[in-house]
Each structure stands twice: as C-alpha cells, then as structure tokens.
Number of protein chains: 2
Amino acid sequence: MADSSTSNPPAPEKVPEQTPEQATEQGDAPKGPSKSELKKRAKEEEKKKKAAEKAAKQAELAQQQAAAEVDFATENYGKLPLNQSQTRTGRERAQIRSFSERAGEIVLFRARVHNSRAQGNKMVFLNLRQRTDSVQGLLIVTPEKVSKQMVKWTAGIASEAIVLVQGTIEKVQEPIKSASVSDVEVHISQIWLVSGIDGRLPFSIDDANRPETEAEASDAQFNRVLLETRLNNRVIDLRTQTNQAIFKLQGAIGDFFRDYLKEHGFLEIHSPKLQGAATESGASVFKVSYFKGNAFLAQSPQLAKQMAIAADFERVYEIGPVFRAEDSNTHRHLTEFMGLDLEMTIEEHYHEVMETLDGMLVSIFRGLRDQCKNEIDVVRKQFPADEFKWREGPEGTLKFTFKEAVDLLVEDGVNREVLDDINTENERRLGEIVKAKYDTDYYIIDKFPMALRPFYTMPDPEDPTLSNSYDFFMRGEEILSGAQRIHDPALLCEKMRSKGVDPDSMKPYVDAFRMGCAPHGGGGIGLERVLMLFLKLNNVRRASLFPRDPKRLEP
Amino acid sequence: MADSSTSNPPAPEKVPEQTPEQATEQGDAPKGPSKSELKKRAKEEEKKKKAAEKAAKQAELAQQQAAAEVDFATENYGKLPLNQSQTRTGRERAQIRSFSERAGEIVLFRARVHNSRAQGNKMVFLNLRQRTDSVQGLLIVTPEKVSKQMVKWTAGIASEAIVLVQGTIEKVQEPIKSASVSDVEVHISQIWLVSGIDGRLPFSIDDANRPETEAEASDAQFNRVLLETRLNNRVIDLRTQTNQAIFKLQGAIGDFFRDYLKEHGFLEIHSPKLQGAATESGASVFKVSYFKGNAFLAQSPQLAKQMAIAADFERVYEIGPVFRAEDSNTHRHLTEFMGLDLEMTIEEHYHEVMETLDGMLVSIFRGLRDQCKNEIDVVRKQFPADEFKWREGPEGTLKFTFKEAVDLLVEDGVNREVLDDINTENERRLGEIVKAKYDTDYYIIDKFPMALRPFYTMPDPEDPTLSNSYDFFMRGEEILSGAQRIHDPALLCEKMRSKGVDPDSMKPYVDAFRMGCAPHGGGGIGLERVLMLFLKLNNVRRASLFPRDPKRLEP
C-alpha cells in the first residue's frame, strides 16, 4: 500500500523550529556593554563558536548514523497516492463516536488532524476529528513497529490534513478533556496522509469555535475570528463544532416542518422561480436575461401557491429559495433565503390557517427541544442564550391585535403618532414588554392595517381599514407573515389598482380566480430567521450555509 | 344565512336555452322552395305567429303566477356573500371519500360542481367533486323544503363553480358509474354558491382527463385538449384526476428520496442559487442584474455541495431548482427543473457512491409501486404504459461500461464512427436493446470517456481517457449523471485549464480543496424526468406544476 511514496512525505508549512532555551537566551541579551564586558563576551563568543562547531560535527555524525539506520516502519506510514478508486477492499472504516464501546479493538478510520503535539522525538499526540466527534491518538516509538522517522513524519502533519489511521482502542485512566470521546485513546500502528494542506489556514478551528464573550474578554490570549473573515473562508468556518450543529438543526427544522404538514394533509409542491412578470411589487425584484427577453426571480411562491389552490390541491407547502433585491445590509436580511411556505383552503374563517401555522411552529419548537438537545447545547457553548420560551397547555400561544400591540407600546412610553407601522426598534421593544409581562418569546399579532399589507390581502369584513392578516414573532423579531387572500377576481383587481398594480400585468394570476376558487390563506417563514432566533445567533448569516447579501455573492 | 342574496342568484354563462324540438325544426328547414311552397309557408308563419303570441301570453301569466307563488325554500339556497371570515361555527366540513361509510348521516361539504343534469323542472343531478373524489348529488322538489325555484337556480350553476352543500347520504341500488364514490348519493337539502365562474372554461375537465388514444380515435365525438392549451390554462388542467395524481406522485418521490438518504446519514443542505461567477461552463447560464453588478443562476448545486464536503459534512443532499439557459425545445428539456442532488465522501472507491445512488433510486421505484398504486392506476387510464421494470434480488441493477454500451449498439447495426458520444436517438435504441435482452427499464452505464465529462470529474486510474463517472437510465433516457470528483487542487486546476476554464474565475471553489478534502463523489437526478419516465408521460412539461421552457414563462 503506497510504500513507494513513503520517501516523499508531504511538506506541511511549519514555523522554523526553536527550542524554549534559545528563545530565552535571545530575550535576555544585555543592552549597553562595557569594554571588559566586550572582552569577556568575545571569549565567550569564541567558546560558543567552538562548541557550535563541535555540535555541528556531532549532528552531522548523528545524521549519517540516522541515514544508515534502516527505517523499519516504512510500511506503516506515508502519503497515499491520490485516491482515484484504485482498489476496493471493503474493510470497515470506523466512526470515532463508537470508540468508547470498542476498547481493545483494532480499527481503521479516516479523520482530520485537529492538532498535534510532539513530546521529544519519540512520542506524538494527535487530536483526531470527525465532524463533532474527536479522540486522542498516540504514536510512540516501538521496536520493529514505530520508528523515530515515523514519529517525526507524523509530528509534521499539518492541522486540518486528512489522515487514514489504524490503531488499537485503549481505555484511559484520566478522562481526556480535549476530546469528545474522553474515556479511550487510539494507539496508532499505521498512519497515512489522504489529503494535505496547500497554504496557510486562515484561522484555527479552535479559534473559530471559541465563545464570542471569551474571545472579547481575552484579546491578548486568543485570536478573535470576525464574521467577515469567517464568511470569506466559510468552508473552514463550517468545520467548527458549532457550525456542524447549526446545520444539523437547520435540517431538523425542515424535517419537523414537513412532518407536521404531511400529517395535516398538505402536499409538497415546487413552483418556478423564473417569472414572466415582476411579482408582488416591482421595487425589489431581480431581473434575469431570458433568451431574447427578460424574466424575474420570484420574491416568494405567493402567486404559484395560490394558483395551486385554484387548481384544487387544497393544502400545499413548498421549501424553496426566495429572492429579494433589497439593498438592506442588516443583521437579518439576505438577498436569497429559504422560504418555508404553505397555503390552504379555508372552510369558514382565516383563523383556521393561523392556527395551522401556529401548530406547525410549535411542533418545530418542540422537535428542537425534545430531539436536538445535544446540538443546541453545542451551539450554546459558543452563543450563550436563554432557553427559547413559548406557551403550551390549554391557554395556547399568546395572540393580540395590532391595535393592542400599539397600546402596549404607548403604555411603555412610545409616541402613538409614530405607530402607524411598528418599526424594527419598536418590534424589539414590544418583544421585551411581552417577555416581561407574559414570559414568552413567541406570539402572534393579528389584524394588521390594510395599508401595510399587499394587494392580495383580504380586508376585514367590518372595518375596511383592517385586514385578515397576521405576523408571528420570535424574540421580538418577525419570522412569519401571512393572511387570508382575496379569492374574488373583481375585488382583487380593485385592490391591485388601488395599490398601483395593473391587473393585466398579472393576467395568469388573476385568471386563476375567474374559474372558481375556494377561500384560502397561508403564510411563509424564513428558515434562517427561525434558526437564528431560536438559537440567538444574532446574525442571520450564521444560519445560512453560504449567505448572500447585497455585498456577498461568494463563496 | 345570506337569504338577502337569494334574490340575486349568480348569472353563470350558459348557452341560450333551446328545446330539442326547436333544434330539430331548424335542422330540417328546406333549401330550395317553390312558389306554392312559399305560400304554404306564409300561412304557416301566420299560424305560428299566432301560436307564439298565445304562448307568450300564457308564459306571462305563468310568470305572474310564479311571482305570486311564495318561494318557501329561500333559506336553503343562494349565493353566499364573499367569505371574509365573518363567522366561525366550527361545524365539520365532510370529505366525499368518507361518504360510503356514512350512509344515513346529514353532512355539510364544499365541492366543485363537476357537471349537472336537470330532469324536467323538478329534479337535478349534480356530480360533485373534491380533488380525485366525486359523488352524485340529487335535488328534488319537496314540499316545504325544496322549491321549483331552488331546483331551477341549482340547475343554472355553472360547471367548476364551488358550492357548499348540505344533504343526507343515502345508499343506492345500482352503482353510480360517473362518481368515484359509487354506492351512495347525497340527497341535497341546502346548496349555496361559494365561488362562481366569471367567463368561459377553456375546456371541460372531462375532455382534459380523456385518454389521448380515445381523443385521437374519436375526433368527432370529443374535444381533444392540446398540451399547449392545457399549459396556457394550467390551473384548470391541473384539476383533472390525472394531474391531481401526478403531483401526489411527485411529492411522494421527494419523500422517498429524503427518507432513504436520512436513513443513510445524509444531511439536507440549501445552497445559494445566486452565484458570483458562471459555473461549470459559461455557455448556458442565466445572467441576473445584481445591484450594480451581475450574478448568475446556479446550473446545479455542484460547487456548493462539494464545498460542503470540504467543510466536513460528509454526506449531503439538496432538493432545489436548477437553471439551464439552453435553447432546447424538446420533450425532455426545461429551463428550470427540480434537482435532487447528493454528494458524499468516498472511503475507497467511487462505486460506493454509485451504489448509494442506485439504492436510492430503487427505493423510490419500490415506494411508488408499493405505496402509490391508486395514483399510478389513475394516471395509467389517461397515459397507458407498460409497468416500469427494474431488476431486484441478488443480481441487482444492470450495469455496463460505456464501451460495452457502444458494442451493444454496434452489434445492433449502428456505425461505430458516430459513437464517440451516444446521442438521444441511440440512447433510446440502447434502451430498446437492453429491454429486449435483459427485460429491464433501468440500468447504469459506467466509465464514460473523460472527453464527455466536466472538468471536475476524476480520471480513471489506469486509462486517462476514461473517467470514474456514470449515467443512470430509465426507459432509454438519462435521468442521473454523476462521478467521483477531483479533490486535489493541483489536478483540478490542470483539468480546468485543459477545458478552457480559468481556475482564478472560480477561486473560492478551488480554495476549498487546498485546506484538505476527502475523496468524494455524487450525482443528481431531475425530479420531473424520473416522474415522466416512470409514468411514461412522454413530455416533461406534464411532470412540472408550472413548466418553464425557452418559450414559456407563464402561468
């Protein structure tokens, strides 16, 4: 197995070696010497020179000896040739997370070298990592098995290189704090380089995984990795335990969303993102060159999912990208994010929809709390936060009207005149008021003014200045917007015109309602916002694998 | 409940009423009359005029009588006011599919009027539809309950209008062939219009649901609905039983895909569709105006999912839109389709990936066969097709190399010179050869020439003209393409340059491999193609909710 390449070990970049003694000597050099001092020094210099010459001679001799010394371990280490699927043995590759249960066994496994520490020239400790799991590896010079050359080569493997390791799992007396599997270590008998490092790591995984608070408190000791640096080097950043956990949680939210809706009779649909016309409003839509004409990127699946209702699908949901050409450079805006959308027919009242959306969100919260504790705990280490709170039991989710929300803010000292709409700042303030008063991080505001909602929103039956629409909030930030929609083509056209939209510009959409459509409503949540707010990550970019904002299109 | 609007029944568009007798009379009019004939006719005309006058007088009298006659049923029918969520009773709305088990019960349910048939002026039959379920409704004049006026109004409800019906479920002696629930009918006591029709239906749902063969065979009898007409009026077209079933099956494929991958340790990811650079190849990518610059729509999640591997996610999948700016107007090309993609690390050999993809596809086929029989049967009625066949048991899926595929075609008479690549026509021919020889509609071709594959494809370890790549086929058409990828940055750059791609133009992608990356591979299937080929729908547009092609951006 690849012994021909053993003579060509990889050359990982390392700082030149320097013993602690050398460092001290340089640090202690005197500053203003006298004449006798200079004489004394010249003598010492001479002495040193001779000593150095002697040492050099000895080193040369040792090197000659070493060269002459046969490396008996060449079959046990080295760089593997590029894997082009040359062979297939089918031998099991082990998972670190199973090692506690496998003490005494010889295992073969692929892992990253998280870091390494040589002790003298006969021993090297490796921290070996697979995603969020890690184990200590130990390589010691052993007659006929592990040579000094093998230890030296292993000590030179760069952090983040990928190795294939064979070793025996051994119980340890003292728990190994630096590894997630702390009750065993691996005594390495073979180690091979699968993939090396070409260049310098932009930051270490340990630095990237450190709590923000800790990094702030101790600037001198640790390197703080800024969000911008992380995002520029996202592939490395994503390797942290925190990020591995965050994206497991992102996947889990999608699963809980689907599970709940499938149980409640919803069908998954996929609607086109390329649209013939600028949807909803023309202001914030991306234009695409489409053969000899133009297309536009969907700002939501709104039109398509309503058309699916007119097409009798009754209850539909979609998980798909949503595009917003808004030049908003805030902690919570992305130009592309994942929309979790649903639309359903109404039998009597739009609160049927609101309650379904509420049930869906609560089932996501429960799923996260009950099934993802480990991942949440991992994230909490880097992003400490209060547990996310919502009301359960017979009283259910806290709901109030837009008017009541305004009253709460006025009571708290906000001027009523600025509250025609509730801006981001007041939204947050409302979140704090609600948390203090009701001890919940999650609530619904119903009955928004018609003036604040899009043309397809159904007006309130009694007060035409109000609408059958709602927003849902987590920790004082909006995460879901929805409403009953207008299913009557005449009223729809009237509302379009009143909002400056020409019904002819959206003919296929309006036509869908001319051929009979049941009353319906729906809503959409932003996946990244739910994830950010549940975990309190403070920036939506941390909840997006490769985030897109007005200034970022890469990586 | 809405009695005030009873006096304003909706005015559905109907052809002017005409008795069968009148129609016959007009049809029998002579063509070349003589003089005596003309005289005779004048007399008859006079006679008729008098008769008409008499009839008009009688009609007027009857109308006066009717007006005088009190409509005792005004509380039981009429047009409902627009549902703006005025009230909420919480009364159960029933599902037609449950009616067989509920004989004797009074139910309230919303349904479309699929069609109606009046018998005299005292009785009307309605075919009432909910998605793929239908039931017969019967309204008969009944003292104090159902008036003549109510029957007349009901008979005037247009097809595809949505009604709210209350009635008693009654067993019937003879099965009702026109309804999916055939052992009961509903004796209607109340009927309300929820949503009417504004205009003319472009085609009837019955015509749209007819088998193509039947429509072809009997041009005179039935209206054939062309695909173009269907797609222009997709909302109506989607209401057919066939389409309701097709999109249930589309949803099921997504579920089977996810279930298999979750069971095998894959994590769902969402990668951005907006890219900073034209990916893979510049030729067929859509350009987007992005603030003051440009972006490009991802032609696949290829780069992002490989970067997710370099970021240690080990096994990832994604379901998302894929954009291709190819001006291909064929039965199997869309400019936007749903990609079901996966990527995974390799321990030893890329066949690990190929086998995972194979296992995933077979689990989709099994899921469809075992769990979706009803839907498949519904589609088969309109699109007759042989059962889709694949090999199971110890022999497993049929696999051969590109070279062996070429040999099969040459044996069959194709000139070897044209087989550097296998074009669509020869792909189909190969499908027929394989079906005849091995009795399977599903197989894998491995080891494609390097020249036919993208720059990121890993070359074969022994023959550099070949590659570690494969295509999967259903009924002679490609549905999946995949390969081992190059994880070594030096070789990757070399291959990029050899295919005319500047590595600097894709720096974040290339950089991902400089910091260590495990060997890996993957593949992607087109959701619509799998659905089209499993069901033999013959056009991929039938498998897309709102298809997009070079000439279609609406609806």
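At what angle do the axes of helix α8 and helix α11 of chain A cross?

**Entry 1, conventions.** I worked on a predicted model, in which local features need pLDDT of at least 70 and side-chain atom pairs count only at pLDDT 80 or more, while totals for chains, interfaces and linings use all residues. Residues are numbered from 1 along each chain as written, chains are lettered from A and ligands numbered from 1 in written order, and side-chain values use heavy atoms, without hydrogens or water.

I found that the axes (lines fitted to C-alpha atoms over the stretch in contact, with angles from 0 to 180 degrees between N-to-C directions) of α8 (residues 241-263) and α11 (residues 373-382) of chain A come within 8 Å and cross at roughly 135°. The pair is therefore oblique, the class left over once angles under 35 degrees (roughly parallel), over 145 (roughly antiparallel) and 65 to 115 (roughly perpendicular) are taken out. For the contact (heavy atoms within 4.5 Å) I noted residues including Ala245(A) and Leu249(A) of α8(A) and Ile376(A) and Val379(A) of α11(A).

I then looked up cavities (sets of points on a 1 Å grid over the protein atoms alone where a 1.4 Å probe fits but cannot get out), and the count came to eleven of 30 Å³ or more.

Definitions and conventions: 1 Å grid on protein atoms, 1.4 Å probe; cavity = no way out; pocket = protein on both sides within 12 Å on 5 of 7 lines; lining within 4 Å. Points joined across faces, edges and corners; volume = space filled by probe spheres on them. Helix = DSSP H or I, 4+ residues; strand = E, 2+ residues; numbered from the N terminus.
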